[in-house]
Structures are given as structure tokens and as C-alpha cells.
Amino acid sequence: MSKSFLMLVTVAVVIASTSAFAVTDQELRAKATAAGLQALPSAPPAPANNPMNPEKIALGKKLFFDPRLSASGVISCNTCHNIGTGGDDNLPTSIGHGWQRGPRNSPTVFNAVFNKAQFWDGRAEDLKAQAKGPVQAGVEMNNKPEQVVATLKSMPEYVQRFGRAFPNETDPVTFDNTAKAIEAFEVTLTTPSAPFDRFMNGNNKAMNAEQKEGLELFIQRGCASCHNGVNIGGQAYFPFGLIKRPDADILPPTDKGRFQVTKAPADEYVFRAGPLRNIALTAPYFHSGQVWDLKQAVAIMGTAQLGVAIDDAEAGKIATFLGSLTGKLTNISYPMLPVETATTPRPQF
Ligand code: HEC
Ligand code: HEC
């Protein structure tokens, strides 16, 4: 074989392998938009029945970090939704009151405001409804609304802060307002400027070639049919194991998902398509938290949800694309919390 022939073949192979993804950036952006993938908006949506003000956000931040919302005085929202580690706890399933292990993996609080509903099964309609759950859950903070209110009222700084956050209310220190203040803080936990967002907003260089290939595959393979919207997921419910049920360690038979909410047989093992922003920061994966490797999670989605075998190279590209969904969080400083008084209820273990 002549040298020049070999060279020709090599050139042809290079062209062929690049032309498989020879869509222009403009075309790729249009495909992504058509598939329902959206850049993060410049401002989060305003929550219903909860007007924002800076006092309320600051109060919500203190409450989020305050372990005295739990019966033991040990566990705060930040324990399981650690702002420093992707807004989750990086455990398979969370550990709460009395070292008990809960049944599910902790989802991130970042960008949660963009989910259609909260929890893996969507049982809370918004963040303020959600926030009341963990405070009372036996395996989480194990507290009672009256006890939370008594705790907050025992600290003059909290009383003043609730007054400023909820002006014109005669009795502002309530469990409802606690949830509303936490929601106000959580609404600010958005992570803008991910490479994907900058790409979608017109910067062709924001994503590298492999991330773009991964995005193309994410759409081509059908991932975007369930994971779409601003949060690239978090919008709709599907059976986990639509085509093939995953192994029992990944889909434990005891957790029937949305069935527990609706009691409709069709909702057995139905879960919310996970929101995929910052997914590279929040291993382990799935509601059972049994998969630590993002590539492996992608491959499981291929067999379980799409009935296709996604090989290692493709899974790697898709995982690389998913890495481009990691955004920037403005630095959050740990808040100083109000001082206890003699009437502050004592910790209960
Ligand atoms: C003991 C660990 C633990 C504590 C403490 C905890 N959470 Fe969670 N959180 C979880 C777990 C686990 C889930 C998922 C539960 C489910 O889907 O059934 C969750 C779900 C959520 C979600 C829903 C996110 C989504 O994508 O659906 C939000 C928001 C949230 N928690 C906020 C809070 C707030 C606010 C507090 C404090 C008031 C708090 N959590 C305390 C473990 C915890
Ligand atoms: C038919 C709908 C559907 C399709 C198609 C689908 N997914 Fe999912 N995805 C889900 C559901 C539902 C979950 C939640 C599973 C659970 O209960 O843990 C999920 C969870 C995930 C998770 C874990 C999220 C987390 O926070 O742990 C990743 C990662 C993921 N999907 C990626 C993909 C990729 C990549 C593809 C394409 C190869 C894909 N998905 C295709 C519905 C789908």
C-alpha cells in the first residue's frame, strides 16, 4: 500500500469521525432548545404567597443553618443539604435523629425552586410545604411545631427578626412563617453560569468538544425526553425501570415511590426524573443512593429507561456533558445564630 493512499484513508477516517458530530454550535443549540433544555433564567421565579424581602431571606438563612430546629439540637437542614458539598450529604441515604438511616438519598437544595414539585415522589407542592416535613420527620429532625415555635420565641433576636421579615403580623413567630422564611432563602440558592448555560446563551466556547458531543448524545439517545426544562429534570414522573427494572439494591421493592402519594397502581415505582444540574457534585445517585459513578448511572438509565446499551465511551461523553451543568454559587458565609436564653427548650435525644 502506498504511503499517500494510507494518508488519504487516515484523512477520510478523521473526517468521518468528526462529521458524526458535525452539527454547528448553532444547530446544537437549536436541537437542545427543541428538546426542551433551558438555560437558567437570570432571576428565580417568585414563590407563591410568599413575598420576598431581604430580612426574610436573612432569617431563612439562619433557620437553615440552625440545629436547634431539631429536637436533639444537633441536626440542621445543612446537615443533609450541606451548602459546601453540592447541597446534599453525599451519603447513600441520609442519617438523622438518633443516628437513624432514612430510606432515601438527599437531593440537592440548589435550584430546587425550579422543580415542579419537591421530593423524589413530588409529595410537596413547593419549598414552603417541603420545609415542614423534615423538621417533624422522626428519622430527620424529630421535632414538633409547638416546640420549634417555643425554641424560636425563647431567643429575642429571632423574635425581632421574624417581626421585620413579616411586618404587620401580630404574631409573626409561627411554624408557617418558619417554612416561608426557609423557602425565601432556598429560592436564592441558584447556581448560574454553568458552561451549559453560557453555551445556550450564545458563547460557543463555553463547552468543549466532548461536552458538546455528550449533549448531542443526551438528546439523540432520548435522555432529554424525561430530563428537560430549566433543571434538566425535576418536571415529570416516570416509572424507574420503564423498560427494564433495575436490580433490587438500586430499586428496593419496599419503596414504591409516587404510589405512596397517589395510591394509583400505575404509580408503583414511579419517581420524579431527577434534576441534573450540579449532578457531578451529588453522588451517590438515584433515590436509593447505591451508585457512586456517574458513568454507571448513565448506563443504568440506558438499560432501565430506554432499553439501549450505552457503552463506556458514550456514557463517558454523556457524563462529561452532565459535568457542564455545574454552576456557580455565590459564596455563602456561615451565619452567626441567635443566642439561647434560660427558657430555650433543652436538647432531647
Ligand atoms: C436527616 C437528613 C435531612 C434533613 C435534616 C433535612 N433534609 Fe431535606 N431531604 C432529605 C432527604 C432524604 C430528602 C428526600 C426525601 C424524599 O424524597 O422522600 C430531602 C428532600 C428535600 C428537598 C426536596 C428537593 C428535591 O429535589 O425534591 C428540599 C428542598 C429539602 N429537603 C430541604 C430541606 C430543609 C429546608 C430542611 C430543614 C428544615 C431539610 N431539608 C432537612 C434529608 C434531609
Ligand atoms: C423515561 C424517563 C427517563 C429517561 C428516558 C431517562 N431518565 Fe434519568 N431518571 C429518570 C427517573 C424517573 C429518575 C429517578 C430514578 C430514581 O428513582 O432514583 C432518573 C434519574 C437519573 C439520574 C440520577 C439523578 C440523581 O439525582 O441521582 C441520572 C444521572 C439520570 N437520570 C440520567 C439520565 C441519562 C443520562 C439518560 C439518558 C441515557 C436518562 N437519565 C434517561 C427518568 C428518565
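Visitor: Is cysteine 80 buried or exposed?
Guide: Cysteine 80 counts as buried, because it has 23 C-beta neighbours inside 10 Å. Buried means 20 or more other C-beta atoms within 10 Å of its own, exposed means 12 or fewer, and partly exposed is in between, with C-beta atoms placed from the backbone. This is a predicted model: local features need pLDDT of at least 70, side-chain atom pairs count only at pLDDT 80 or more, and totals for chains, interfaces and linings use all residues. Residues are numbered from 1 along each chain as its sequence is written, while chains are lettered from A and ligands numbered from 1 in the order in which they are written.

Visitor: Which helix does cysteine 80 lie in?
Guide: Helix α4. Helices (H or I, at least four residues) and strands (E, at least two) are DSSP runs, numbered from the N terminus.

Visitor: And what does cysteine 80 touch?
Guide: Asp89, Ser94 and Ser106, not counting residues up to four places away in sequence. Contact means that the C-beta atoms, placed from the backbone, lie within 7 Å.

Visitor: Where is histidine 81 found?
Guide: In the loop between α4 and β1 (95-96). Histidine 81 is buried, because 23 other C-beta atoms lie within 10 Å.

Visitor: Which residues does UniProt list as "binding site"?
Guide: The unreviewed entry gives Cys77, Cys80, His81 and His97. UniProt positions follow the numbering used here, feature names are shortened, and annotations may be inferred rather than shown by experiment.

Visitor: OK, ligands. Which residues come nearest to ligand 1?
Guide: Cys77, Cys80, Gly96, Phe119 and Pro134, out of 26 residues around ligand 1. Around means a C-beta atom, placed from the backbone, within 6 Å. The largest share of that shell comes from α5, with five residues.

Visitor: What about ligand 2, which helix gives the most to its shell?
Guide: Helix α12 (residues 294-306), with six residues. In total, 27 residues surround ligand 2. They divide into 18 nonpolar, eight polar and one charged. Here Ala, Val, Leu, Ile, Met, Phe, Trp, Tyr, Cys and Pro count as nonpolar, Asp, Glu, Lys and Arg as charged, and the others, Gly among them, as polar.

Visitor: New topic. At what angle do α2 and α10 cross?
Guide: Roughly 35°, and the axes of α2 (residues 25-34) and α10 (residues 209-220) come within 10 Å. Axes are lines fitted to C-alpha atoms, for helices over the stretch in contact, and angles run from 0 to 180 degrees between N-to-C directions.

Visitor: Which residues make the contact?
Guide: Leu28, Lys31 and Ala32 of α2 meet Lys212, Leu215, Glu216 and Ile219 of α10.

Definitions and conventions: Contact = placed C-beta atoms within 7 Å.
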